[in-house]
Amino acid sequence: MTVQIVKAKTDEELKGILALQTANLRQNLSQEEMDTQGFVTLEYDFDFLKVMPAENHHIIAKDGDKVVGYVLLMDRSTNHLMKEGASIFPIFHEIEFKGKRFGDTNYVSVGQVCVDKDYAGQGLMRRMYNIYRDSYKDVYDLAMTDVSSKNARSLNAHLKTGFEIVKTFDEPDAGEPWEIIIWDWRE
């Protein structure tokens, strides 16, 4: 069966995102798995996942009924609801990007991205991100996220997709360097 890229619209699809998130949380992986496959750090719950995208939808990759990848959409109106990781937003808003303070731009946060290890190397992340951009470029000017400097696989994949590093910082909640990356959809 061909993997389809769609917008997550059902509770079952959100539960599929949560199952994939759990399988790829840093604390659930060996060091070798983290080094070779990457990892996710934030653990969202169902209720937050449901409210996270405001009026829009997360983008998922599905193989039949199984969620095998996701790109979460986090509208800035939900940033204050985060239980962890929210310390990035004050830092992020003060960054100058192309002559403008980032907090003054119309952006969307990538809440998290993940691809099932059995589907790695098939271009799913790029396909999901292309649908993400095409779906929301008329709503937002930029997409932003941050990636642990220890997650080389994820960082490299983001850079190949079109993101660029704008700042390295020590995440207060994580105690390690992170890269703030931006994808300018206006170009």
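The numbered points below comment on a predicted model of a single chain, going from its overall make-up to individual residues.

1. Overall make-up and confidence. The chain contains six helices and nine strands, and buried residues account for 48% of its 187 residues. Among the contacts with a separation of 6 or more, 70% are between residues 24 or more positions apart. The mean pLDDT of the chain is 85, with 89% of the residues at 70 or more. Confidence is highest in strand S2, at 96, and lowest in helix H4 (residues 88-93), where the mean is 72. Where pLDDT is low, predicted coordinates should not be read in detail.

2. Strand S9 and its two partners. Strand S9 spans residues 177-184, and seven of its eight residues are buried. Strand S7 (residues 142-148) pairs with S9 in the antiparallel sense through seven bridges, one of the residue pairs being Thr-145 with Ile-181 of S9. Strand S8 (residues 164-170) also runs antiparallel to S9, to which six bridges join it, and here Asp-170 has Pro-177 of S9 as its bridge partner.

3. The buried side of helix H6. Which residues of H6 are buried? In this helix, residues 152-161, they are Ser-154, Leu-155, His-158 and Thr-161, and because they cover an arc of only 125° around the axis, they lie on the same side of H6. After H6 comes Gly-162, with a positive phi near 140°.

4. In soluble globular proteins, nonpolar side chains tend to be buried together. In this model the largest nonpolar core has 25 residues, and Val-71, Tyr-129, Tyr-132, Ala-143 and Trp-185 are those with the most contacts inside it. At least two residues of this core come from each of strand S2 (59-63), strand S3 (66-75), S6, H5, S7 and S9, while H5 gives the largest share, six residues.

5. The surroundings of Trp-185. Which residues does Trp-185 touch, once its neighbours within four places in sequence are left aside? Its contacts are Val-108, Tyr-132, Arg-133, Tyr-136, Lys-137, Tyr-140, Asp-141, Leu-142 and Ala-143. Two of these, Tyr-132 and Ala-143, are listed with Trp-185 among the residues that have the most contacts inside the largest core.

6. Asn-56 is placed in the loop between helix H3 (46-51) and S2, and it counts as buried because its relative accessible area is 19%, where the cut-off is under 20%. The side chains of Asn-56 and Tyr-140 are joined by a polar contact of 3.4 Å. Apart from its neighbours within four places in sequence, Asn-56 is in contact with Leu-73, Tyr-136 and Tyr-140. Tyr-136 and Tyr-140 are also among the contacts of Trp-185.

7. With neighbours within four places in sequence set aside, Asn-151 is in contact with Gly-38 and Phe-39.

8. The loop between H1 and H2. Is Gln-27 buried or exposed? This residue, which belongs to the loop between helix H1 (11-23) and helix H2 (31-37), is exposed, because its relative accessible area is 53% and the class begins over 50%. Gln-27 is twelve residues from Phe-39 in sequence, and the distance between them in space is 9.1 Å, C-alpha to C-alpha. Phe-39 is also one of the contacts of Asn-151.

9. A backbone angle to check. Most residues other than glycine have a negative phi. Lys-98, although not a glycine, has a positive phi of about 55°. Lys-98 lies in the loop between strand S4 (96-97) and strand S5 (100-101), and with a relative accessible area of 47% Lys-98 is partly exposed.

Key:
Residues are numbered from 1 along each chain as its sequence is written. This is a predicted model: local features need pLDDT of at least 70, side-chain atom pairs count only at pLDDT 80 or more; totals for chains, interfaces and linings use all residues. Side-chain values use heavy atoms; hydrogens and water are left out. Buried means under 20% relative accessible area, exposed over 50%, partly exposed in between (1.4 Å probe, protein chains only). Helices (H or I, at least four residues) and strands (E, at least two) are DSSP runs, numbered from the N terminus. Two strands pair if DSSP finds at least two bridges between them. The arc is that of the directions from the helix axis to the C-beta atoms. A nonpolar core is a set of buried Ala, Val, Leu, Ile, Met, Phe, Trp, Tyr and Cys residues joined through side-chain atoms within 4.5 Å. Contact means heavy atoms within 4.5 Å. A polar contact is a pair of N or O atoms within 3.5 Å; within protein, one must be able to donate a hydrogen and the other to accept it, and residues adjacent in sequence count only if both atoms are side-chain atoms. pLDDT is the predictor's confidence in each residue, from 0 to 100.
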